[in-house]
Amino acid sequence: MAPLVQIAATLGLTLAGTFITVDAAAVERATGLKGLNSLAKAKGRYFGTAVDAIWQNTDTKYLKISGDFKEFGMITPENEMKWYATEPTRGQFNFTGGDYIVHWAHKNGQAVRGHNFVWHSQLPDWLNNGTWDKKTLLSIMNTHIGHLGGHYRGKLYCWDVVNEPFNDDGTWRSTIWHDIIGPEFIPLALKKAHEIDPKAKLYVNDYNARRFPSVEGLSVKSDAHYNLAKSLLKQHVPYHGFGIQGHLVVGQLPTTIPQNIARFAALGLEVAFTEVDIRMDLPDNAKNQTIQANDYKTVVNACVGSKACVGITVWETSDDYSWIPGVFPTQGDALLFDNDKNPKPAYYAVADALKAAKVHGHFNSWP
Ligand code: XIL
């Protein structure tokens with residue numbers, strides 16, 4: 001082979017007469033990657049990932065993939081905007097970790113989901129252990145949303161304003177927010193968030209229930225969210241999106257995800273898959289990887305089957321960064337890239353499903 005042709009071939013370029021054309025298939029073969037966000041973008045959606053503490057991360061392979069706009073157009077800070085991280089002491093705010101991620105993502109052309117304002121988990125001790133009356137707790141909530149939301153005003157695509165307000169059986173979860181303020185903590189938090197950052201899309205976000213049919217599909221838990229949504233919209237509360245976390249189990253996906261998305265869409269809400277991972281028993285095997293690939297395809301098809309679904313975020317880039325083994329010690333390998341940052345069958349299934357999508361969405365990317 002002539003040297004120029006050889007170099008061109010190595011780079012995935014084809015010499016056609018005097019023109020050099022990029023051979024996409026050759027680039028794919030060289031990198032193994034297909035550009036999930038590029039594929040999603042072509043169908044009016046985003047494809048995103050969550051990252052944590054990247055300010056201290058030196059894993060170049062991980063950073064390269066996570067920060068590549070072609071793969072991921074949306075970034076969620078996995079922990080660094082949570083209450084324990086941002087207001088560790090009452091009235092003293094720390095945005096260092098969150099700022100780093102937002103700056104890094106924007107530099108890469110990626111948009112950012114804010115996660116989250118009001119949740120029962122990962123609260124600082126001062127808040128968990130304090131004794132609060134309704135007026136004081138409301139003021140604490142508003143101060144937190146005011147500072148955190150104000151700091152990132154205009155910089156984020158959306159906020160998970162309320163996270164996980166219901167039990168698996170659809171009843172209100174007992175939390176300081178619900179028990180002291182009452183269910184109106186939700187409209188109050190949404191209104192405060194809207195006042196502080198009027199351009200951010202405001203979400204209520206929840207996860208699947210394991211013993212009941214999950215929130216992703218039709219279930220008592222998703223009924224509770226649907227009724228909440230109807231009531232909030234009737235009261236003209238600024239509520240824009242239902243976040244389906246999507247922490248799922250291989251081979252156990254609900255079959256009614258499309259119907260569930262459709263009913264939120266009919267209310268005029270947008271929907272997003274916000275934290276997808278599909279875990280399996282360890283050690284991993286080829287059969288489960290195939291089922292997992294199919295399950296990821298089911299999730300993508302549910303999203304791209306509705307104009308209301310703006311995008312999908314996976315809860316971390318590669319299996320070695322996943323929270324799953326820490327919480328479910330016998331399970332893992334729930335993501336699209338393996339421990340060595342190689343794409344898995346699920347990665348290609350996602351790419352294929354995005355490519356095949358027929359319905360065009362309406363995500364307008366940042367900025
Ligand atoms: C998890 C993080 O991934 C972990 O690193 C952390 O230790 C606990 O929280 N639902 C949510 C996420 O909304 O914020 C959680 O993230 C996973 C479940």
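The legends below describe close-up views of a predicted model.

**Figure 1. Overall composition of the chain.** The secondary structure of this predicted model comprises 15 helices and 12 strands. Of the 367 residues in the chain, 56% are buried. Among contacts with a separation of 6 or more, 77% are between residues 24 or more positions apart.

**Figure 2. Strand 5 and its two partner strands.** Strand 4, residues 74–77, pairs with strand 5 in the parallel sense over 2 bridges. Within this pairing, Val 112 of strand 5 is the bridge partner of Ile 75. Strand 5 is also joined to strand 6, residues 158–163, by 4 bridges, and these two strands run parallel. Here Gly 114 stands opposite Trp 159 of strand 6.

Figure 3. The peptide bond from His 115 to Asn 116 is cis, with omega near -5°. Most peptide bonds are trans, and most residues other than glycine have a negative phi.

Figure 4. Leu 282 and Pro 283 are joined by a cis peptide bond, for which omega is about 0°. Pro 283 is found in the loop between strand 10 (270–281) and helix 13.

**Figure 5. Strand 8 and its two partner strands.** Strand 8 covers residues 241–244; Gly 241 and Gly 243 point one way from the strand, Phe 242 and Ile 244 point the other way, and all are buried. Strand 7, residues 201–206, pairs with strand 8 in the parallel sense over 4 bridges. In that pairing, Tyr 203 stands opposite Gly 241. Strand 8 is likewise joined to strand 10 by 4 bridges, and the two run parallel. Phe 273 in strand 10 is the bridge partner of Ile 244.

**Figure 6. The surroundings of Tyr 62.** Tyr 62 is placed in helix 4, which consists of residues 60–66. The relative accessible area of Tyr 62 is 0%, so this residue is buried. Leaving aside residues up to four places away in sequence, Tyr 62 touches Ala 50, Val 51, Asp 52, Ile 54, Asn 57, Glu 316, Thr 317, Ser 318, Tyr 321 and Lys 341. One of these contacts, Thr 317, is 255 residues from Tyr 62 in sequence, while the C-alpha to C-alpha distance between the two is 7.4 Å.

**Figure 7. Two residues with positive phi in one loop.** Asp 333 lies in the loop between strand 12 (331–332) and helix 15, and Lys 341 lies in the loop between strand 12 and helix 15. Phi of Asp 333 is near 50°, a positive value in a residue other than glycine. Asp 333 has a relative accessible area of 18% and therefore counts as buried, the cut-off being under 20%. Lys 341, a contact of Tyr 62, has a positive phi near 70° and is also a residue other than glycine. With a relative accessible area of 9%, Lys 341 is buried.

**Figure 8. Packing of helix 13 and helix 15.** Helix 13 (residues 286–304) and helix 15 (residues 345–356) pack with their axes 8 Å apart, at an angle of about 30°. The two helices are therefore roughly parallel to each other, and helix 13 passes helix 15 in a right-handed crossing. Helix 13 contributes Gln 289, Gln 292, Ala 293, Tyr 296, Lys 297, Val 300, Asn 301 and Val 304 to the contact; these meet Pro 345, Ala 346, Ala 349, Val 350, Asp 352, Ala 353 and Leu 354 of helix 15. By class, the residues of this contact comprise 10 nonpolar, 3 polar and 2 charged.

**Figure 9. Packing of helix 11 and helix 12.** The axes of helix 11 (residues 220–234) and helix 12 (residues 257–266) come within 10 Å and cross at roughly 10°. This angle makes helix 11 roughly parallel to helix 12. Ser 222, Asp 223, His 225, Tyr 226 and Ala 229 of helix 11 meet Asn 260, Arg 263 and Phe 264 of helix 12. The contact is made up of 3 nonpolar, 3 polar and 2 charged residues.

Key: Residues are numbered from 1 along each chain as its sequence is written. This is a predicted model: local features need pLDDT of at least 70, side-chain atom pairs count only at pLDDT 80 or more; totals for chains, interfaces and linings use all residues. Side-chain values use heavy atoms; hydrogens and water are left out. Axes are lines fitted to C-alpha atoms, for helices over the stretch in contact, and angles run from 0 to 180 degrees between N-to-C directions. Angles under 35 degrees count as roughly parallel, over 145 as roughly antiparallel, 65 to 115 as roughly perpendicular and the rest as oblique. A crossing is left-handed if the near helix is turned anticlockwise from the far one by less than a right angle, and right-handed if clockwise. Contact means heavy atoms within 4.5 Å. Ala, Val, Leu, Ile, Met, Phe, Trp, Tyr, Cys and Pro count as nonpolar, Asp, Glu, Lys and Arg as charged, and the others, Gly among them, as polar. Two strands pair if DSSP finds at least two bridges between them. Buried means under 20% relative accessible area, exposed over 50%, partly exposed in between (1.4 Å probe, protein chains only).
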